[in-house]
Amino acid sequence: MQSETNGTEAISAVAELWLESLFDDPATQGRDVICSPAALWLALTALEACADGATRDELRGVVGPVRAQDAAVRELGRSDVFVTAARVLSQVPARPEFHTRSYGITVGQPGLDGPSGLHRWAHGTNAPLGGAPQCADPARCALLVSTVALDAEWEQPFDPCFTRELLFTDVGGVTHPVPAMVAEVPVEDAWTLARPRGRVTVIELRARGAGGGAVPAAGLVRVRFALGENRQVPPAEVLAAAWAPAAHRKALRGSRATGRPEAVLLELPRLWLSGDIDASPHLTALGVERIFSASAELPRMFSEPVHCERVVQSCVVRFGDEGISSGTAACLGEDRSWANRNYFDGPGQLLRTVPVRLDRPFAFAVLDESGVIPLLGGYQASRPGARSPAHHSNDFEGPGPYNPRL
């Protein structure tokens, strides 16, 4: 039991440390962010199993002891909703005796290192990949690519008939009309947390594996949305609140006029968020340095000296009426039938509710059934569903809100 606890704590620790470094990065400030702490941890665990000497010691300092790794991998394996894959891209061939199934990582072979082969591999694992990142010196270095896919249906789907217009004010202060899904959420599934710079409100929804989709129907995941009470609450604190321990929570209260609420009236924008993150500088800040130098030791994978140039992660997620999904995402349509819609018997009409409108930058987190392991996390800073004009390049550019080719 202790080893299982240590395993999940190892992933949570990576998530907290990575968040601090990620949101301190000038490249992500004021922009949309999406990441998967669990997938990064799994990729580093696979790399640690292939390393030796000081390289392995540095990686183990981040991913935790071997017994903790085994327990956490088993825990993640119970959720068929969450799919992740790790691949090392290099022109240097792997050792003939290197078995990918033993290490949970694959090595690029001739014909799979180019953009087309890379996308075929990502598609075959139900995992998205943005641009085709390349090594500066492919003859001597490698690239670790972590991809993530998620597919689940809400236990209580949103009724599209009740979609309404929501005025969303982005991080730059610009207000946009966006379609918002509306539903009543049990008051027990909402709470507040005190953070250093203000309170954060958290709403939890539940989803299960989407039957008939790319991922088999299976276990439950918890999807949480977090909203700071003001703009002074930094993104890292808002996102961290989404998976904070239950002991820190306080019940959500209504106003004096409404009294104790019976439900929460949630207004959630439909959104599509994707992005590639170069996690290399963040890992360096966590003490993982040797793997990026010429002194890297990966004897179980390569017979020649090879170091890792970058660690890249690619994620994409869509939140819609039916559930959450990843993979190739089409642009949201321009149907405005939701604008200026009025109704009299929809959510919030019959019960005493306290409104929670995600009408400004907010965070979300997808956790496993236990509510402990952060599978996916993100921060919506721009207009939900919009594409960033800064990311219309075909080259990999590191952290960014959207990739138009996904």
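Helices (H or I, at least four residues) and strands (E, at least two) are DSSP runs, numbered from the N terminus. The model is predicted, so local features need pLDDT of at least 70 and side-chain atom pairs count only at pLDDT 80 or more, while totals for chains, interfaces and linings use all residues. Residues are numbered from 1 along each chain as its sequence is written, and side-chain values use heavy atoms, with hydrogens and water left out.

Let us begin with the overall picture. The chain holds eight helices and 17 strands. Of its 406 residues, 55% count as buried, where buried means under 20% relative accessible area, exposed means over 50%, and partly exposed lies in between (1.4 Å probe, protein chains only). Contact here means heavy atoms within 4.5 Å. Among contacts between residues at least 6 apart in sequence, 74% join residues at least 24 apart.

Next, look inside. A nonpolar core is a set of buried Ala, Val, Leu, Ile, Met, Phe, Trp, Tyr and Cys residues joined through side-chain atoms within 4.5 Å. The largest such core has 102 residues, and Trp154, Phe225, Leu266, Phe319 and Ile324 touch the most other members. The largest share of this core, nine residues, comes from helix 2.

Helix 2 deserves a visit of its own. Helix 2 (residues 37-50) and helix 3 (residues 53-63) have axes that come within 9 Å and cross at roughly 150°. This makes helix 2 roughly antiparallel to helix 3, because angles over 145 degrees count as roughly antiparallel, those under 35 as roughly parallel, 65 to 115 as roughly perpendicular and the rest as oblique. Axes are lines fitted to C-alpha atoms, for helices over the stretch in contact, and angles run from 0 to 180 degrees between N-to-C directions. On the helix 2 side, Trp41, Leu44, Thr45, Leu47, Glu48 and Ala49 take part, and they meet Arg56, Leu59, Arg60, Val62 and Val63 in helix 3. These residues divide into seven nonpolar, one polar and three charged. For that count, Ala, Val, Leu, Ile, Met, Phe, Trp, Tyr, Cys and Pro are nonpolar, Asp, Glu, Lys and Arg are charged, and the others, Gly among them, are polar.

Staying in helix 3, find Glu58. Glu58 is partly exposed, with a relative accessible area of 23%. Leaving aside neighbours within four places in sequence, Glu58 is in contact with Gly287, Val288, Glu289, Arg290 and Ile291. One of these, Arg290, is 232 residues from Glu58 in sequence, yet their C-alpha atoms are 7.5 Å apart.

Now for the strands. Glu184 sits in strand 6 (residues 175-186) and is partly exposed, at 33% relative accessible area. Val264 is 80 residues away from Glu184 in sequence and 5.5 Å away in space, C-alpha to C-alpha.

Thr192 lies in strand 7 (residues 190-195). Its relative accessibility is 9%, so Thr192 counts as buried. Not counting residues up to four places away in sequence, Thr192 touches Val200, Thr201, His248, Arg249, Lys250, Ala251 and Leu252.

Strand 8 (residues 198-209) contains Gly209, which is buried, with a relative accessible area of 8%. Gly209 and Leu150 are 59 residues apart along the chain, and their C-alpha atoms are separated by 8.8 Å.

Our last stop is Thr353, in strand 15 (residues 353-357). Thr353 is buried, with a relative accessible area of 15%. Between Thr353 and Val187 there are 8.4 Å in space, C-alpha to C-alpha, and the two are 166 residues apart in sequence.
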